Amino acid sequence: MNEIVQFENVGLRYGAGIETLSDLTFTLYPGSFYFLTGASGAGKTSLLKLLYLAQRPSRGLIRLFGEDAVTMPRERLPGFRRRIGVVFQDFRLVPHLSAFDNIALPLRVAGVKEKDLTTPVAEMLDWVGLGDRAEARPATLSGGEQQRVAIARAVIGRPEILVADEPTGNVDPEMAIRLLQLFEALNTLGTTIVVATHDIHLLSKVPGAQMMKLEKGGLSDPTGSLRNPPLPRDRA
Amino acid sequence: MLSLFVIPGHDRRLIPEGRLSGPMPWVIAIMIFLMVLATAIGLAFTEAGQNVSDQLSSRATVQIIEANPDLKTQQTSDAAARLRGMELVEEVRVLPTQEIEDLIAPWLGQSADGGQDTGGLLEDIPLPALIDLKLAQPIGEKELEALRTGIRPLAASARIEPSSALIAPVIALVRSLQWIAFGLVILLAIATAAAVIISARAALNTHKETIGVIHLLGGTDRQISRLFQRRIALDALLGGVLGLICGAAIILLLGMQLSALGSGLVQSLDLSWYSWLIIGAIPILGMILAMVTARMTVMGALKKIL
């Protein structure tokens with residue numbers, strides 16, 4: 001199985017402070033589902049930032065889609081970013097755009113023609129249960145609705161990796177399960193999913209998912225999947 | 001550049017647009033207005049200097065300096081006849097004594113009773129006879145020497161002075177004013193660019209979050225900078241046209257007032273069609289300047305983030 005993400009002795013330090021992440025070595029495989037857990041401040045968001053290319057590491061090697069992401073020229077980053085879907089912890093919806101336009105954003109950035117994006121965006125709105133809120137601005141949406149728009153935006157471009165930072169943090173348990181089912185469906189289509197969460201109970205909701213645990217910037221590997229390719233998930 | 005204005009509407013909405021809501025179009029309008037005035041002044045001085053120079057470059061004055069009036073008259077007449085026969089000379093006019101006296105009268109003052117006559121002073125001053133020449137070509141050393149050689153046997157004390165020598169200090173002043181005006185245009189262009197830099201940085205700061213999201217979704221620097229370029233270009237064009245209209249109105253008004261003065265040099269401060277063409281191009285040049293500046297600023301700022 002070819003690895004989709006490879007970290008080798010990766011460290012991250014902000015400014016002159018101590019290392020937020022230290023000696024991270026792991027491999028993510030295509031089509032797998034990972035939960036990244038850890039207490040607040042353990043470095044989950046920092047690790048995700050490295051994954052979605054918002055940050056370069058202070059040391060170590062990161063290979064993404066088979067290419068060195070640490071020394072990759074800046075001009076090539078947008079092309080790689082389009083292959084990664086991101087659900088931000090704080091949603092980061094564009095405030096002056098409607099729910100429809102926010103979800104359509106990755107497609108428009110990728111140059112998809114207007115006539116080709118109307119249907120998929122409308123379907124995605126229905127999928128996250130916001131079909132009737134297409135024209136609503138983020139300010140008029142509840143926290144849960146904003147989160148669903150953020151998730152729809154992350155998955156609309158059928159990314160190869162989906163990185164989600166606490167995606168169920170603002171939704172009720174029923175919606176949390178629906179969202180996880182959405183991620184699973186995407187995973188079934190071949191997308192590698194990495195979900196950062198401090199809710200350990202979510203793991204049981206996704207059979208066969210692997211767990212990466214961050215503790216004080218270091219990574220423990222309870223399921224052993226980070227050294228060896230995970231077994232195929234039981235999708236039954 | 002055309003592609004700048006055909007960005008699809010949905011892309012344009014990525015950054016909220018607020019025509020005339022910010023100070024940018026008004027700042028550019030003021031800058032373009034001042035640039036139009038400075039350019040008009042510079043061009044008017046250029047044209048005036050050129051006109052005066054063209055008019056005088058082929059003119060000269062011959063002075064016949066002779067104390068004996070009869071001899072002076074004879075020498076003047078002979079010299080004029082010789083000059084008329086020269087191929088180099090196009091036009092010869094012997095200035096009547098009255099005209100010479102009229103020319104000199106203002107420098108001699110009025111008579112004691114406040115009248116127009118000079119109190120008999122002119123009768124006591126041995127005025128030279130003057131011959132005004134218009135040559136077929138601009139006067140150089142060679143032409144002057146030919147004229148001197150031609151009349152020296154007839155009037156040994158004759159002096160020939162090219163008219164351009166008399167007006168040279170005025171021309172030098174006009175040229176200085178012209179360069180000062182163009183210097184002002186350059187300074188205003190720099191100030192406009194600085195205003196655009198400040199505006200672009202402020203806009204970047206305002207939309208930092210949106211830009212960050214577009215970046216992380218795979219947006220390129222070019223895509224993002226194009227949005228700012230377009231917005232600033234439209235602001236600049238709008239402000240520029242406003243500045244041009246106000247500036248052109250002032251120029252026309254001043255032109256009419258100067259024409260009414262009827263003064264020689266000042267009257268020639270009319271602008272030719274090609275000067276108007278240059279002035280008309282200022283808003284477009286301003287827009288290009290704003291666009292290039294905005295692009296450089298935005299690209300430079302974006303390069304600082306990953």
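Let me start with the open sheet in chain A, where four strands are arranged in the order β2-β1-β4-β5 with antiparallel pairing, and let me say at once that this is a predicted model. In that arrangement β2, residues 19-28, and β5, residues 67-68, of chain A stand at the edges with a single partner strand each, so one side of each is left without a neighbour in the sheet.

Now to another set of strands in chain A, which I would like to build around β9. Strand β3 of chain A, residues 33-37, pairs with β9(A) in the parallel sense, over four bridges, whereas β9(A) and strand β10 of chain A, residues 218-220, run antiparallel and are joined by three bridges. Which residue of β9(A) is the bridge partner of A:T37? The partner is A:K213, and A:K213 also stands opposite A:S220 in β10(A). Strand β9 of chain A, residues 210-215, has two faces, with A:Q210, A:M212 and A:L214 on the covered one and A:M211, A:K213 and A:E215 on the uncovered one. In the hairpin that β9(A) forms with β10(A), two residues lie between the strands, and A:K216 takes a positive phi near 50°.

Let me turn to where the two chains meet. Contacts link 20 residues of chain A with 16 residues of chain B. On the chain A side, the elements that give two or more residues are α2, residues 77-81, and α3, residues 99-109, and the largest share, five residues, comes from α3(A). By residue class, that side of chain A divides into 10 nonpolar, two polar and eight charged residues.

Chain B itself has 11 helices and four strands, and of its 306 residues 31% are buried. Among its contacts with a separation of 6 or more, 85% are between residues 24 or more positions apart.

What about the packing? The largest nonpolar core has 111 residues, and the members that touch the most others are A:I103, A:V163 and B:I232. Helix α2 of chain B, residues 24-57, gives the largest share of this core, 16 residues. If we leave out residues up to four places away in sequence, B:I232 touches B:M24, B:V196, B:S199, B:A200, B:A290, B:M291 and B:A294. Apart from that core lies another, of 17 residues, including B:I64, B:V89, B:I131 and B:L135.

Finally, a word on confidence. Chain B has a mean pLDDT of 82, with 86% of its residues at 70 or more. Among the elements of chain B, the lowest mean pLDDT, 55, belongs to helix α10, residues 264-267, and the highest, 91, to helix α11, residues 273-303. For the complex, the predictor gives an ipTM of 0.86 and a pTM of 0.73.

Conventions:
Residues are numbered from 1 along each chain as its sequence is written. Chains are lettered from A and ligands numbered from 1 in the order in which they are written. This is a predicted model: local features need pLDDT of at least 70, side-chain atom pairs count only at pLDDT 80 or more; totals for chains, interfaces and linings use all residues. Two strands pair if DSSP finds at least two bridges between them. Two residues are in contact if their C-beta atoms, placed from the backbone, lie within 7 Å. Ala, Val, Leu, Ile, Met, Phe, Trp, Tyr, Cys and Pro count as nonpolar, Asp, Glu, Lys and Arg as charged, and the others, Gly among them, as polar. A residue is buried if 20 or more other C-beta atoms lie within 10 Å of its own, exposed if 12 or fewer, and partly exposed in between; C-beta atoms are placed from the backbone. A nonpolar core is a set of buried Ala, Val, Leu, Ile, Met, Phe, Trp, Tyr and Cys residues joined through C-beta atoms within 7 Å. pLDDT is the predictor's confidence in each residue, from 0 to 100.
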